[in-house]
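Have the sequence and the model at hand.

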Amino acid sequence: MIKFQIIQCKSVLTKSNLPKVDYCINPYVGCLHACVYCYARFMKRFTGHTEPWGHFLDIKVNAPEVLAKELARNPKRGTVLLGSVTDAYQPAERKYCLTRAILEILLRHDFPVSILTKSDLVVRDLDLLKQFSSCEVGLTITTTDEAIAKNFEPHASVPKQRMEALEVLHKNGIVTYAFIGPILPDLTDLEAIFSAIKGKVYFIMAESLNMSCGNRLFVEGIISKKYPSLLQLYKNGFSKKYWDEAEATTNMLAGKYKIPIKGFFSH
Ligand code: SF4
């Protein structure tokens, strides 16, 4: 059972400490993609939600209006990341179109925009994205295997749809990238990902699985249910050496497929 709530927000444009990002905008609180490994589940603490992560969604219906007022005050121009603790293109966006309305306002003020999503719905806004003087769109690719994706990211677009979205965006001149992460040990096939994204992205970023953001129970739960032979491996944890090797493999594949790598984030 999902709890939906329409809320009024007081502010939208949030200063960011993320690299190469000046502001974040999150049109929703919560995320119905419900990824098992989600790092953003800490948001529950700040919002008073008691429902499990992936089972609630607050919809900031006045976000476009508030943003328009904030931008009218002429804040310093800077890159805006759409969706840092939610996915701006999660299923509810089809109905509420908040991300689209936000893009229209950012475009009027010519703020550079950066989007990272797991949904092919982003293609809906291609007409707007093409008009930005600076715009990049990343699709998270954790795996090319539909069953693995379904187990870990139950309500996100399937990998094939994400690849198709990257292809359409790329063909239309958008700066696209693949965010390969989190890398799921013994499940993520890095070479299959590189092979599938070739010709569709300008660069990649990658990230190790972070099991220390309140998600251990959920990751181990799905491993125990779907991949029991890997449970001990996941329970033991992964050494620095393990991730150094994953990074070396990623670098090797980036060279082989001639796709620049802009960062490998290890936890
Ligand atoms: S899409 Fe991102 S924010 Fe949404 S549940 Fe998955 S990891 Fe969390």
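Does H33 count as buried or exposed? H33 counts as buried, because it has 21 C-beta neighbours inside 10 Å. The cut-offs are 20 or more other C-beta atoms within 10 Å for buried, 12 or fewer for exposed, and partly exposed in between, with C-beta atoms placed from the backbone.

This is a predicted model: local features need pLDDT of at least 70, side-chain atom pairs count only at pLDDT 80 or more, and totals for chains, interfaces and linings use all residues. Residues are numbered from 1 along each chain as its sequence is written.

**The loop residue H33**

H33 sits in the loop between strand 4 (28-29) and helix 1 (43-47). Helices (H or I, at least four residues) and strands (E, at least two) are DSSP runs, numbered from the N terminus. Beyond its neighbours within four places in sequence, H33 contacts D87, Q90, K118, E153, H155 and A156. Contact here means C-beta atoms, placed from the backbone, within 7 Å. The C-alpha atoms of H33 and G54 are 6.5 Å apart, and 21 residues separate the two along the chain.

**Two helix pairs**

Two packed helices are described by the angle between their axes and the distance between the axes. Axes are lines fitted to C-alpha atoms, for helices over the stretch in contact, and angles run from 0 to 180 degrees between N-to-C directions.

| Pair | Angle | Axis distance |
|---|---|---|
| Helix 2 (residues 63-72) and helix 4 (residues 98-108) | about 15° | 9 Å |
| Helix 8 (residues 190-197) and helix 11 (residues 240-256) | roughly 30° | within 10 Å |

Helix 2 and helix 4 are therefore roughly parallel, a term for angles under 35 degrees. In this pair, A63, P64, L67, A68 and L71 of helix 2 meet L98, A101, I102 and I105 of helix 4. By class, this contact has nine nonpolar, no polar and no charged residues. Nonpolar covers Ala, Val, Leu, Ile, Met, Phe, Trp, Tyr, Cys and Pro; charged covers Asp, Glu, Lys and Arg; the others, Gly among them, are polar.

Helix 8 and helix 11 are likewise roughly parallel. L190, E191 and F194 of helix 8 meet T249, T250 and L253 of helix 11. This contact has three nonpolar, two polar and one charged residues.

**Helix 4 in detail**

Which residues of helix 4 are buried? They are L98, T99, I102, L103, I105 and L106. Seen down the axis of helix 4, its buried residues fall within an arc of 165°, so they line one face of the helix. The arc is taken from the directions from the helix axis to the C-beta atoms. Just after helix 4, D110 has a positive phi of about 55°.

Note on methods. Angles under 35 degrees count as roughly parallel, over 145 as roughly antiparallel, 65 to 115 as roughly perpendicular and the rest as oblique. Two residues are in contact if their C-beta atoms, placed from the backbone, lie within 7 Å.
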